[in-house]
Amino acid sequence: TSAKSKNLPEDTVAKVGLYRFLSRCFRAEVDTNLLEILRLPDIADVLIQAEPSVAESLSADWTAAEFEEAAIEFCRLFVVPGVCVPIASAWRTGGHGRSKTDDRGIADLSKRLSESLELTLADDLVQLPPDHVSVLLEIAAWLEEHGDAQAVEDFENAALRPWLKAFAERLQREAELPIYRALGIVSLNVT
């Protein structure tokens with residue numbers, strides 16, 4: 001059931017949509033399905049407002065070479081030892097994908113919360129570390145839809161706010177492709 005069909009306030013529906021959109025963008029490279037989503041008028045408008053140079057990418061007919069370039073950029077940015085690893089424990093220790101203190105607090109919180117809520121994550125999310133930004137954004141979206149405001153606030157404070165801004169700022173700074181710079185800028189406004 002979608003957030004829209006649950007008669008939630010418009011701002012809650014928008015927040016759930018943003019969380020799920022970003023979750024999708026950070027868990028796999030741009031493919032034809034994601035490109036279609038990026039080109040939806042409301043999403044394209046937000047991305048273009050964040051990073052005007054993304055307009056050309058969104059309006060162009062992508063060739064196999066452009067998809068390959070986006071896949072290479074995704075790996076360079078997000079795959080360990082990427083320059084912008086999307087895993088909370090890496091950011092809690094400096095953001096380079098190496099955890100000196102093995103800070104697993106957010107991963108443990110993610111696992112415990114998923115189990116206690118009996119939250120079933122999609123297969124592509126289950127394969128990710130529990131403190132991957134995509135998993136955390138999906139949990140936040142679920143809480144936003146089903147939980148109370150205090151549960152959402154507590155989760156955001158514990159699992160997203162301690163590191164997401166640094167992740168988004170580095171993504172904005174390090175991304176070579178406009179799409180990923182735009183996603184970094186949009187991510188700055190998540191919590």
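Cys 25 is buried, at a relative accessible area of 1%, where buried means under 20% relative accessible area, exposed over 50% and partly exposed in between (1.4 Å probe, protein chains only). Cys 84 is likewise buried, with a relative accessibility of 0%. A disulfide is a pair of cysteine sulfur atoms within 2.5 Å. The sulfur of Cys 25 lies 14 Å from the closest cysteine sulfur, that of Cys 84, which is too far for a bond. By this rule, zero disulfides are counted.

The model is predicted; local features need pLDDT of at least 70, side-chain atom pairs count only at pLDDT 80 or more, and totals for chains, interfaces and linings use all residues. Residues are numbered from 1 along each chain as its sequence is written, and side-chain values use heavy atoms, with hydrogens and water left out.

The protein chain has 12 helices and zero strands; helices (H or I, at least four residues) and strands (E, at least two) are DSSP runs, numbered from the N terminus. The radius of gyration of the protein chain is 16 Å, close to the 16 Å from the globule rule for 191 residues, so the chain is as compact as a globular protein of that length. This radius is taken over C-alpha atoms, and the rule is 2.2 Å times the number of residues to the power 0.38. Of the 191 residues, 47% count as buried.

Ser 110 belongs to helix α7 (residues 105-116) and is buried, with a relative accessible area of 2%. Apart from neighbours within four places in sequence, Ser 110 is in contact (heavy atoms within 4.5 Å) with Pro 130, Val 135, Leu 136 and Ile 139.
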